[in-house]
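Colleague: I'm new to this one. Can you put it up and walk me through it?

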Amino acid sequence: MSSKITLFIDGLIKWDYLLFGSVFVLFLLFIILAIVLRKKLVLALLFLILGFSTIIFGPTLGYIKLHETLFKNSCKLLSQKRLQFMEAVVVKGSLTNESNKNFRECKITVSAYGVSSNKLKNYLKRFKPFKKMSIVGKDIAKSETRKFKIILEPFRYSKDYNISIGADCR
């Protein structure tokens, strides 16, 4: 757990620090307004609730939206083929840099998950894939599309399955 936290902190960029600092300043502003307006109970409680909701939800939602905007990319599944004489699936896809910056690196992840006739089970199975494999692509320029191939092995799943791909870029 501490290695994941250390890895997260090492991966922060200047925009993340700016976001976290502004959320903290906004929290302090709401708390100070609640203290100043303590005579007006309803308004003070509103600012108190706004302050604590800002400090709880602001960093998480802000981080997600910031990285969706700054590091926008799209992954496309081109083909998937299960090999006959080997327990493996070959997945071919492409990654397109849709942001205004060059990516230093992108971690491309391919996941395989089971399929059932129940829609709720299908939704939940996407969160817990039975097989996952990742590769790292380096130096992807603006508007560049890069093709990749990942082999999921050993792949012993005999029932119906789906493949999904995604990328986390920096």
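Colleague: In what order do the three strands of the open sheet come?

Modeller: Keep in mind that this is a predicted model. The order is β1-β2-β5, with antiparallel pairing.

Colleague: Which strands are at the edges?

Modeller: β1 (73-82) and β5 (145-152), each of which pairs on one side only. From one strand to the next, the twist averages 20°.

Colleague: How many bridges join β2 to β5?

Modeller: Eight, with β2 covering residues 89-97. Val89 stands opposite Leu152 in β5.

Colleague: Switching to helices. At what angle do α2 and α3 cross?

Modeller: At roughly 170°, and their axes come within 8 Å. Helix α2 is residues 14-36 and helix α3 is residues 41-70. Angles over 145 degrees count as roughly antiparallel, so α2 is roughly antiparallel to α3.

Colleague: What classes of residue make up that contact?

Modeller: The contact of α2 with α3 has 21 nonpolar, five polar and one charged residues.

Colleague: And salt bridges, how many are there in the whole structure?

Modeller: Four. One of them links Glu87 and Arg156, with the closest N and O atoms 3.1 Å apart. Glu87 is in the loop between β1 and β2, and Arg156 is in the loop between β5 and β6 (161-169), so the pair ties together parts 69 residues apart in sequence.

Colleague: Is Arg156 buried or exposed?

Modeller: Exposed, at 60% relative accessible area. Glu87 is partly exposed, at 42%.

Colleague: What does Lys138 form a salt bridge with?

Modeller: With Glu105; their closest N and O atoms are 3.2 Å apart. Lys138 is in strand β4 and Glu105 in strand β3, so that pair ties together parts 33 residues apart in sequence.

Note on methods:
Residues numbered from 1 in each chain as written. Predicted model: local features only at pLDDT ≥ 70, side-chain atom pairs only at ≥ 80, totals over all residues. Heavy atoms only, no water. Axes fitted to C-alpha atoms, helices over the stretch in contact; angles between N-to-C directions. Helix = DSSP H or I, 4+ residues; strand = E, 2+ residues; numbered from the N terminus. Parallel < 35°, antiparallel > 145°, perpendicular 65-115°, else oblique. Nonpolar A, V, L, I, M, F, W, Y, C, P; charged D, E, K, R; others polar. Pairing = 2+ DSSP bridges. Salt bridge = Lys/Arg side-chain N within 4 Å of Asp/Glu carboxyl O. Buried < 20%, exposed > 50% of the residue type's maximum accessible area, 1.4 Å probe, protein only.
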